[in-house]
Amino acid sequence: MFKDEKETAMKMSRYTIPLLVTTGLLLTACGSGGQGSVSGSSSGDAEITLRTVDYYNNSPDKEFYQEALDNCAAQVGVKIEREMIPGDSLISKVLQMASSKTLPDVLQLDNPDLAQIAETGALADLSTFGIEPGENVIPAVKDAGSFDGVFYGMQPIANSLALFYNEELLQSAGVEPPTNWKELEEVAAKLTDGKQYGIAFAAPSNYEGTWQFLPFMWTAGGDEKDIAGEGVVKALTLWRDLVRNGSASASVVNWTQADVNDQFMAGNAAMMVNGPWQIPLLNDSGIKWKEVPIPVPEGQTEPVAPLGGEVWTVPNTGDKQKQEKAAELVKCLNSDEVEKDLSIKRFTVPTNMSLQEGFLKESPDMEAFVEMCNGARARTGELGTKWPATATAIHNAIQEALVNGKEPSEALEGAAASLK
C-alpha cells in the first residue's frame, strides 16, 4: 500500500480477504493448526463482550473480517461488538478515544501508525500476555509492531511492492523484464511507443508517493535519517530521468496506485510499480501479466521495500479480565489457520515464513511479493514517531523534482532543511 501516515496508499487495504488465516507470530495459535490452541472459556467468560475497532468498512473486506472475528470470538468464548472506522479518520478517532478513556478492547492499526498510538501509552505490552514474535516471522514485522523496544502489535499478513509487466507487450518488443536500473531505463525506453509508456508509478504529493519511492531509495542505500544523502538523490534522479525521457508519463505526479493500475490495464503502460491488492482486478482484465521484484541499482542484489499490512493490538482499557481475553483474540487472529487463509484470499504474504512454501504452491503468482516482503523494512523502524514528517519531506522533494524541475540534489537538500 499504503496508507496520511495512514499511508492510505499503503493502506493496502484494498482487496482483503477473510481473516481465517494466521501469522504464526504468536506463542499460541487458534484452532488445530497453530503452535497451540486457545483454550475454551467458562460459562462466565462467555458473557464477556469485547469491543473491536478496525478500518475495513467496505465489502468484501468487512465481511471477511467479520467472519474472522466471529470465528475467533467463538473459540475464545466471548462476544464481539465491532466498530469500523474509515482509514483516513481512524487515528484522530483513536486519539480521541484515548483521551476520553473509551478505547476498544482490540484495535487494528496500519503498521506505520502504531508508534504514534503507542507513544501515548494507549497500548498494552503484548509480552505481558506471553505474546512474542516467533523465530520464523519476517524480520521487519517485529520492528513494525514495536515502539521503544516494546512489542505492541501482531501482524498476520504483509504486502509490499513489485514490478508488474505486460507479457505480450514485452514479447512484442523483444525484451525481458528488467532486473537492474540500467535495464529498467533501457527496457522502459524500448516499450515507450506513442501513447504507450514503458513504465508507470505513483508519485503524488502524499504518503503514497513516498511509499512507492522507498524501494528505490532504500535499495540504493538511501537513509531516512539523511534524505539529502547520495542514495536518495540517486533514486530520485532515476525517477526524474524516466519522466524526462518520456518513458514515464509526467502525470505520475497526480496518479494514485489505483490510477497506475488503470493505465496498465488500459495498455497505456507496459510495466508498473504496484502492490498485490491489484491482482483481482488484473485477473479480471484479461491482460497476460506477471511480476518480478523491483529492479536494483548495479552492484546491488537484493531489493529493499517497505512493509505493508496491519497490526492487531490490545489497548490499555484498565479492565484486566477483558485485556486477557482480548489478547487471546489477537492470538487467534494471528493463528496459522487465519494467516494461511487470509494470504491466499487477500493476495498477501504470510508473515510466518515457515508457511510461505505451502502458500506459494497455491499462489505461485505471489513469488515476487514473498521475496519483497521477506527483505522489507518497517517505515517507522528508524524514526518512530518522526517518520510522518520525513515521509512528507520526501514526497515534497519528489514534486519539486518532477513538477518544478529542480535538480534532485537541490530538491532533497531543501526537504532535509525543512526537517531541522
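These exercises walk through a predicted protein model, each with a worked solution.

Residues are numbered from 1 along each chain as its sequence is written. In this predicted model, local features need pLDDT of at least 70, side-chain atom pairs count only at pLDDT 80 or more, totals for chains, interfaces and linings use all residues, and side-chain values use heavy atoms, with hydrogens and water left out.

**Exercise 1. The whole chain**

Task: State how many helices and strands the protein chain has, and what share of its residues is buried.

Solution: 
- Start with the elements. The protein chain has 16 helices and 13 strands. Helices (H or I, at least four residues) and strands (E, at least two) are DSSP runs, numbered from the N terminus.
- Next, burial. Of 420 residues, 58% count as buried. Buried means under 20% relative accessible area, exposed over 50%, and partly exposed in between, with a 1.4 Å probe and protein chains only.
- Then the surface. The accessible surface comes to about 15700 Å², and 45% of this belongs to carbon and sulfur atoms. The areas come from the Shrake-Rupley method with a 1.4 Å probe; for residues, only the protein chains shown count as cover.

**Exercise 2. The sheet around E8**

Task: Give the strand order of the open sheet with 4 strands, then follow its pairings.

Solution: 
- The order is E9-E10-E8-E11, with mixed pairing. Two strands pair if DSSP finds at least two bridges between them.
- Find the edges. Strand E9 (197–200) and E11 each pair on one side only.
- Neighbouring strands are turned by 20 degrees against each other on average, direction ignored. Axes here are lines fitted to C-alpha atoms, for helices over the stretch in contact, and angles run from 0 to 180 degrees between N-to-C directions.
- Go strand by strand. E9 and strand E10 (residues 269–274) run parallel, joined by 3 bridges. Ile-199 has Met-271 in E10 as its bridge partner.
- E8 and E10 are antiparallel, with 4 bridges. Ala-162 is partnered by Asn-274 of E10.
- E8 and E11 are also antiparallel, over 4 bridges. Here Tyr-165 has Lys-290 of E11 as its bridge partner.

**Exercise 3. The buried side of H9**

Task: Find which residues of helix H9 (residues 257–265) are buried, and why they lie on the same side.

Solution: 
- The buried ones are Gln-257, Val-260, Asn-261 and Phe-264.
- They cover an arc of only 100 degrees around the axis, so they sit on the same side of H9. The arc is that of the directions from the helix axis to the C-beta atoms.
- Name the cover. It includes strand E8 (162–166), E9, helix H7 (207–219), E10, helix H10 (279–285) and E11.

**Exercise 4. The nonpolar cores**

Task: Name the residues that touch the most other members of the largest nonpolar core.

Solution: 
- The core has 84 residues; Ile-199, Phe-201, Phe-213, Phe-216, Val-252 and Met-271 touch the most other members. A nonpolar core is a set of buried Ala, Val, Leu, Ile, Met, Phe, Trp, Tyr and Cys residues joined through side-chain atoms within 4.5 Å.
- A second, separate core of 47 residues includes Val-106, Ile-131, Val-330 and Cys-332.

Terms used
Contact = heavy atoms within 4.5 Å.
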